[in-house]
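Morning, everyone. I have one structure to walk through today, so please bring it up on your screens.

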Amino acid sequence: MAQLSIRSVSKSYGAVQVLDDVSVEVEEGSFVVLLGPSGCGKSTLLHAIAGLNPIDSGTIVIGDRNVTKLPARDRDVAMVFQSYALYPTMTVAQNIAFPLKMRGLDRRTSDEKVAGVARLLQIEPLMSRLPRELSGGQRQRVAIGRALVRDPRLFLFDEPLSNLDAALRTELRAEIKRLHQSIRRTMVYVTHDQTEALTLADKIVVLKAGKIEQTGTPLSLYDDPDNAFVAGFIGTPRMNFLKATVADDGKALLAGEARVDITHLATRLENGRAVTLGIRPEHLDEKDGVTLSLSVDVTEHLGSTSYVHGALASGESVVAERREDQPGFGETITLRFQSTRARVFDGEGSRIR
Amino acid sequence: MSTVATASDPTRHFFQPVIVCLTVASVALTLFVIWISLHDLSLMRAGREKFIGLDNYLRFLGDPRAMAALWRTVLFTTLATVIEIALGLAVVLFLDRDFAMKRLVRTLLLVPIIMTPVVVGLTWRFLFDPATGMANYLLSLVGIAQVDWLGSPRIALFAVLIADIWQWTPFVILLVMAALESAPTDPLNAARVDGAREWQVTWYVLLPMLRRALAIVALIRAIDSIKAFDLFYIMTRGGPALSTETLNYYGYIVAFTNFDISYSLAVAIILTIFTNVALLTMYSVLFPKTGDR
């Protein structure tokens, strides 16, 4: 049974539909990431789960309780905020103890639990400090501690790493992952950062303009996107999208260039139909396959690999990974890819399989 | 600390003379006032004053009218500050939601602050008129007997207090409202998720965050209340039977009715010392050094 069920939830602010018939099932103990660009409704959805935001219609069930009408305090969830949201006038110890105090726990049990959490997160030396005397990373650790101390059914994370610098973000990301593996609690995590989503999630829900675009494991979203939005949103650098026309032999004819064999698709495409081919940069560095020639603008060296930015003869810009050599500005290089790597989308961006 | 001017900083030629002038002016004036308060200068006996040491200060201690005025000042300041802060905070917490006329309400709140004390005093004098005033009319509607607001020595001070509260609570509201709006809302939501009821969110999280703003507003209101003069002058002139004579007002009477300049300056200095001690105590309570909450 699912630990959290979101069923047909809708919400609008005035004329703006922020959530449009969203349904998500979250299995017990899993790590689900709500991923999308800013303004896609992911934070609104998380606040709705927490009970901080009333919804217009739909049902939210946590465990076996319908919590749709319950206030936040009765939902037994814990939340970590992007802004840390520590209580500025309380010390770290008081911050972590606050949820226990609100539940009327006696002082001794509370102290023990707080000490346990402090040990787990290695924030023991900070316990008597005030939040503003801490660095961003320490604050977020305290905020995670405050969520942990209650041992709730459900953890909610609202972009918890967005205010941190890159190095800390990587470190804390790994820590959250470790935490999830050790306590095995259900976690729902909101982010716009697809790296976070790919590394943390058991299941990713991609949202755009209040609607779910696709739900699936990180790998399935990466390999088998349902539409051009998901294909473009997941993966860095972005997937390349090339305009093509279906030729009379069923192959796709790229603008003025190569023919790509897409006859393996289940769908028969009629002659002359306009489609878009999506090819990831890392699939453009093969030994053989369809060839494209790219005139190079910029090469980014990342140490183990390089990314080449340039334009095809058709003028379409392309990013390609390059493992062997690092071509410079103005050079023309040959890209090769397997036609089975190409993902085909129709004019509306829906995937053709 | 790079903003502290060093000896080589040429901008010091601009601000140092200003500091020197201000220091000389305030120190010289204070010393001059103290010097006069040690004499028996009176306009009734001009030219015959002599040095009398601390006699004026000893006279103050043995002056029942002065001591009563001091007590009244303490009472008025405490009540005005506490009631205005409590009432203002209550209104702010009540207004802390989005409603259609919010901007209008906020503008209306400015009206009592902008009005000159003379107009406020006169208006309240009319309202408190025992025969024709609105206050007694309203009381009569609920069946309460007439009150001689400004004519009864037991009530007059509280009548002035009501006018002061009417005029200055909006000031508290505006400042606390600004503090509330700049306070982060995420900790409030965090508290709700952590299991706090609304009153607990307010008590444990919101009020401590507003503490600084409240303390500053309380200090400003306390200082203003100690110095209050205009409302008393317009509404009661210290009467009836001296029942609304504060120390500030008494100093004015001594100087400009009795022309006893030296004694009035001694009263002023005692009021200043008293105010400073009281406010420093208040300040150290409201802004404790340790923890700096």
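I will start with the ground rules, then go through chain A, and finish with a residue of chain B.

This is a predicted model: local features need pLDDT of at least 70, side-chain atom pairs count only at pLDDT 80 or more, and totals for chains, interfaces and linings use all residues. Residues are numbered from 1 along each chain as its sequence is written, chains are lettered from A and ligands numbered from 1 in the order in which they are written, and side-chain values use heavy atoms, with hydrogens and water left out.

Chain A as a whole. It holds eight helices and 20 strands. Those are DSSP runs, numbered from the N terminus: helices are H or I with at least four residues, strands are E with at least two. The C-alpha trace of chain A spans about 75 × 45 × 35 Å along its principal axes. Of its 353 residues, 53% are buried. Buried means under 20% relative accessible area, exposed over 50%, partly exposed in between, with a 1.4 Å probe and protein chains only. Now contacts, meaning heavy atoms within 4.5 Å. Take those in chain A with a separation of 6 or more: residues 24 or more positions apart account for 66% of them.

Next, the six-stranded sheet. It is open, its pairing is mixed, and the order is E6-E7-E8-E3-E9-E10 in chain A. Two strands pair if DSSP finds at least two bridges between them. Which strands stand at the edges? In chain A they are E6 (77-80) and E10 (211-216). Each has a single partner strand, so one side of each is left without a neighbour in the sheet. From one strand to the next, the twist averages 15 degrees. Angles run from 0 to 180 degrees between N-to-C directions, and axes are lines fitted to C-alpha atoms, for helices over the stretch in contact.

Strand E9 of chain A, residues 203-208, runs antiparallel to E10(A), with five bridges. One pairing to click on: A:Val205 has A:Thr215 as its bridge partner in E10(A).

Helix H4 of chain A, residues 136-148, lies across E6 and E7 (154-158), at about 175 degrees to E6(A). Helix H5 of chain A, residues 166-183, lies across E3 (31-35), E7 and E8 (186-191), at about 160 degrees to E8(A).

Now strand E14 of chain A, residues 274-279. Why is it largely enclosed by the rest of the structure? Because five of its six residues are buried. E14(A) pairs antiparallel with E11 (residues 240-246) of chain A over six bridges. It also pairs antiparallel with E19 (residues 343-345) of chain A, over three bridges. A:Gly278 figures in both pairings: it stands opposite A:Phe241, and its bridge partner in E19(A) is A:Arg343.

On to helix H1 of chain A, residues 42-50. Eight of its nine residues are buried. Among them are A:Leu45, A:Leu46, A:His47 and A:Ile49. Just after H1(A), A:Gly51 takes a positive phi of about 90 degrees.

Last stop, chain B. B:Asn189 is found in helix H8 (residues 186-193) of chain B. Is B:Asn189 buried or exposed? It is buried, with a relative accessible area of 15%. Leaving out residues up to four places away in sequence, B:Asn189 touches A:Leu52 and A:Phe81.
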